[in-house]
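User: I have a structure to go through for my course. Could you help me read it?

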Amino acid sequence: MSSSVQSGVITLLHTACGAGILAMPYAFKPFGLIIGLLMIAFCGLCSFTGLYLQAYVSKYVPGRHASFFSLCQLTYPQLSVVFDAAIAVKCFGVGVSYLVVVGDLLPQIMSTFSHNEWLLSRQFHITAITLVVVTPLCFIKKLDSLRYTSSIAISAVGYLCLLVVFHFLVPSSEIDELKGHVSIWKPSDVDSSVLSSFPIFVFAYTCHHNMFSIINEQSNNSLASLTKLIRTAIGLAMCLYFMIGALGYCTFGDNISGNIITLYPMSVSSTIGRIAIVLLVILAFPLQCHPARASINHILHFFTNSKEHQHQHQLSANEQNRLLSNLEENAPLSGSASSFIDDIDDLVEEDSPRQPPIVTLEGKKFICITTGILVCSYALAMTVTSLAKVLSIVGATGSTSISFILPGIFGYKLIASEYQNQEGSTKPPTGERVLRIVSLLLSIWGVIVMVTSLSATLLFHAVGSH
């Protein structure tokens with residue numbers, strides 16, 4: 001069943017608003033309130049541009065089979081497996097971190113209700129959540145089928161937002177004692193924390209890894225409909241970041257920490273907030289599993305079918321030569337010759353290497369890849385308690401590639417490419433020429449972000465939002 005715009009907005013918003021939303025108030029500390037708000041707006045605009053370019057270039061892939069792999073085949077096919085590997089590792093790592101968060105938070109939550117040894121064990125909670133909740137959701141094939149769980153997760157984000165707003169408007173005496181200086185225009189001390197907080201803003205809207213799946217599942221995947229979907233999702237995410245980031249920072253000032261909910265006094269409302277976080281990350285795991293599974297499938301396809309594709313392309317060239325030879329020998333009438341040549345062109349176009357392969361994921365392969373992701377995620381989450389630095393490095397490379405570099409490359413290489421194949425000096429429309437320049441600028445921005453984020457991770461141990 002095809003999905004609606006509303007379903008697409010819910011899925012995209014849930015993907016964007018991960019547990020990293022709790023670190024947004026901390027990102028304001030080195031920037032101050034006004035610059036922090038401007039950073040949220042600017043990074044939201046950059047993410048919107050990347051999503052819009054994904055929607056725009058999806059028309060260059062036949063049918064509803066748009067993906068990073070298929071578009072890499074049209075632009076830089078030799079690098080498609082590299083980018084898919086980055087996507088797979090990034091999404092897998094984030095998924096593991098979600099299980100680690102479950103193992104950290106659920107025992108804390110249970111400690112307020114019980115002192116049972118089993119209920120305070122992180123291994124027990126990771127095992128139970130993986131088997132009962134995560135596994136069934138990961139075996140759902142379409143993102144649209146996750147719209148109800150995404151709605152629950154967004155409700156959890158909404159509760160966190162209300163919690164932040166409430167404590168800002170009605171601060172308790174404990175919160176007043178914790179409150180530090182609030183910088184309006186600029187921070188009092190500018191130090192290395194500017195660089196370490198930068199990735200929090202940049203990766204706050206990372207949802208691009210699911211965008212092509214959403215496009216493929218939309219009942220109306222016209223550019224106008226997709227633009228409305230993107231604008232709504234990014235607009236809602238921006239409002240949430242504005243409220244949680246700005247009001248959270250104003251509540252605690254320079255004494256803000258990386259996870260705002262840990263600063264609130266123990267109460268029923270803050271306990272529910274912790275439960276909301278657990279709910280958010282549990283239901284977000286399938287949204288990481290979906291693109292990771294698709295990328296792994298593309299990698300397997302790349303290595304197992306490369307020789308077969310070369311053979312098919314050679315057969316296509318032989319077929320073209322045979323048809324041309326027959327055409328010269330039979331010398332048909334001019335009208336028939338024109339039609340005959342058109343048929344040859346159609347044949348070559350259909351079998352052209354520029355036509356991206358359609359890679360399906362069904363049956364045993366779907367089950368095996370999904371099972372492999374779940375087993376490896378579970379095993380890693382059970383044995384590792386912190387993946388912060390590894391995830392930051394993967395996020396700086398994978399998230400940047402997905403959000404900025406690849407959409408920019410796709411846009412620059414594909415937009416108005418049909419005009420380059422036409423005879424004469426036909427110029428593409430002004431709008432498409434401008435969009436190509438914007439695409440190039442987005443890729444350049446992505447490289448800057450990657451260098452900055454890697455530097456922040458290696459030098460200052462910064463952690464991004466996703």
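This is a predicted model: local features need pLDDT of at least 70, side-chain atom pairs count only at pLDDT 80 or more; totals for chains, interfaces and linings use all residues.

User: What is the chain built from, how many helices and how many strands?
Analyst: The chain contains 17 helices and 0 strands.

User: And how much of the chain counts as buried?
Analyst: Of its 466 residues, 50% count as buried. The chain exposes about 21,000 Å², and carbon and sulfur atoms supply 64% of that area.

User: What share of the contacts comes from residues 24 or more positions apart?
Analyst: Among contacts in the chain with a separation of 6 or more, 87% are between residues 24 or more positions apart.

User: Is α5 mostly covered or mostly open?
Analyst: Helix α5 is mostly covered, as 22 of its 31 residues are buried.

User: What about α14, how far does it reach?
Analyst: Helix α14 runs over residues 363-383, and its 21 residues reach 31 Å from the first C-alpha to the last. That is close to the 30 Å expected at 1.5 Å a residue.

User: Which residues of α14 are buried?
Analyst: The buried residues of α14 are F366, I369, T370, I373, L374, S377 and A381. Seen down the helix axis, the buried residues of α14 fall within an arc of 130 degrees, so they line one face of the helix.

User: Then which exposed residues are on the face turned away?
Analyst: That face of α14 carries the exposed residues K364, C368, V375 and T383.

User: Changing topic: where is Q54, and is it buried or exposed?
Analyst: Q54 lies in helix α3, residues 33-57. Its relative accessible area is 0%; the cut-off for buried is under 20%, so Q54 is buried.

User: What does the Q54 side chain reach?
Analyst: The side chain of Q54 reaches the backbone oxygen of H208 at 3.2 Å. Leaving aside neighbours within four places in sequence, Q54 is in contact with F68, H208, M211, F212, I215, I402 and P407.

User: How many salt bridges are there, and which residues form one?
Analyst: A search of the whole structure finds 1 salt bridge. R147 forms a salt bridge with D144, and their closest N and O atoms are 3.0 Å apart.

User: Are those two residues buried or exposed?
Analyst: R147 is buried, with a relative accessible area of 19%. D144 also counts as buried, at 4% relative accessibility.

User: Next, C72. Where is it, and which residues does it contact?
Analyst: C72 is found in helix α4, residues 68-75. At 1% relative accessibility, C72 counts as buried. Apart from its neighbours within four places in sequence, C72 is in contact with P77, S80, F83, L406 and F410.

User: And how far is C72 from I409?
Analyst: C72 and I409 are 337 residues apart along the chain, and their C-alpha atoms are separated by 9.1 Å.

User: Last one: what is the phi of A416, and where is that residue?
Analyst: Phi of A416 is near 70 degrees, a positive value in a residue other than glycine. A416 is found in the loop between α15 (388-414) and α16 (417-420). A416 is buried, with a relative accessible area of 4%.

Notes: Residues are numbered from 1 along each chain as its sequence is written. Side-chain values use heavy atoms; hydrogens and water are left out. Buried means under 20% relative accessible area, exposed over 50%, partly exposed in between (1.4 Å probe, protein chains only). Helices (H or I, at least four residues) and strands (E, at least two) are DSSP runs, numbered from the N terminus. Contact means heavy atoms within 4.5 Å. Accessible areas come from the Shrake-Rupley method with a 1.4 Å probe; for residues, only the protein chains shown count as cover. The expected span of a helix is 1.5 Å times one less than its number of residues. The arc is that of the directions from the helix axis to the C-beta atoms. A polar contact is a pair of N or O atoms within 3.5 Å; within protein, one must be able to donate a hydrogen and the other to accept it, and residues adjacent in sequence count only if both atoms are side-chain atoms. A salt bridge is a side-chain nitrogen of Lys or Arg within 4 Å of a carboxyl oxygen of Asp or Glu.
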